[in-house]
Amino acid sequence: MLTACSPSSKDLDTQKSNEKQSETESVIVESEENTSESTQESKDAEAENDKPDSGKIAVVYFSGTGNTKVIAEMIAKETNADIFEIVPEQSYTDADLNYNDDNCRANKEQNDDASRPKISNDLSATTEYDVIYLGHPIWWGTVPRIIQTYLEKYDLSDATIHTFCTSGSSSIDKSLSDLKGWYPKLKIIDGKRLNGATESDIKDFCSR
């Protein structure tokens, strides 16, 4: 008669030892994976912390021909900011911007201190930001009147404002001086002309 062979005590000990070793190796592997994931998460968190707080930074701009829009988008990308365009209720045509015509719309507005062109979109959300990059072209050596419409319509007294402009020849000095003089309660810190700016130029401007 054949009888089933029972494992010896030695074999059982060996089996248990192998099982325990396997469990230990599994725990080690799992621990290494967790450590690797934790390290990666830590690196990701550090990288995220190095970025500017996008929830508190806004780029607000008016662009007559599209040049200022390009710079505004570059600044928004560099700072992880939300971006807002100041959209006029009546858009500007090429004829409106023909500075060689004394009777063109832009010239008439710039020559009228009381002119405040209407804005078509709601920009009330921009009052919630701590830092605002305010962009505009240069018209008659200073800011377009619609920038004044924006600053007078919305309360930005809690924000730090950096201005930037695009211009064929004029610097930003007069527009910056005008804005500070017109709105002394606003924290308008600085300004820079950014015609043809490179990514490096934008980085330098935003890191000041």
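Guide: The account below takes the salt bridges in turn, then the backbone and the pocket.

This is a predicted model, in which local features need pLDDT of at least 70 and side-chain atom pairs count only at pLDDT 80 or more, while totals for chains, interfaces and linings use all residues. Residues are numbered from 1 along each chain as its sequence is written, and side-chain values use heavy atoms, with hydrogens and water left out.

A search of the whole structure finds seven salt bridges, a salt bridge being a side-chain nitrogen of Lys or Arg within 4 Å of a carboxyl oxygen of Asp or Glu. One of them joins the side chains of lysine 56 and aspartate 130, with an N to O distance of 3.8 Å. This pair links distant parts of the chain, 74 residues apart: lysine 56 is in the loop between helix H1 (9-50) and strand S1 (57-61), and aspartate 130 is in the loop between helix H3 (105-110) and S3. Helices (H or I, at least four residues) and strands (E, at least two) are DSSP runs, numbered from the N terminus. Lysine 56 counts as partly exposed because its relative accessibility is 43%, and aspartate 130, at 35%, also counts as partly exposed. The terms are set as follows: buried means under 20% relative accessible area, exposed over 50%, and partly exposed in between (1.4 Å probe, protein chains only).

Within helix H3, arginine 105 forms a salt bridge with glutamate 109, and the closest N and O atoms are 3.0 Å apart. The two residues are four apart in the helix, so about one helical turn separates them. Both arginine 105 and glutamate 109 are buried.

Arginine 116 lies in the loop between H3 and S3 and glutamate 152 in helix H4, so the pair ties together parts that are 36 residues apart in sequence. Arginine 116 is partly exposed, with a relative accessible area of 29%, and glutamate 152 is partly exposed at 44%.

Turning to the backbone, most residues other than glycine have a negative phi. Asparagine 80, which is not a glycine, has a positive phi near 55 degrees; this residue is in the loop between helix H2 (67-79) and strand S2 (82-85). Its relative accessibility is 29%, so asparagine 80 counts as partly exposed. Tryptophan 140 likewise has a positive phi, of about 55 degrees, without being a glycine, and is found in the loop between strand S3 (131-137) and helix H4 (145-153).

Aspartate 178 belongs to helix H5 (residues 173-182) and counts as buried because its relative accessibility is 15%. Its C-alpha atom is separated by 7.4 Å from that of threonine 142, 36 residues apart along the chain.

The largest pocket holds about 210 Å³ of space. Its lining has 14 residues, and the closest to the centre are Thr65, Asn67, Pro137, Trp139 and Thr166. On a 1 Å grid over the protein atoms alone, where a 1.4 Å probe fits, a pocket is an open set of points with protein on both sides within 12 Å along at least five of seven lines, and lining residues have an atom within 4 Å of a point. Grid points are joined across faces, edges and corners, and a volume is the space filled by probe spheres set on the points.
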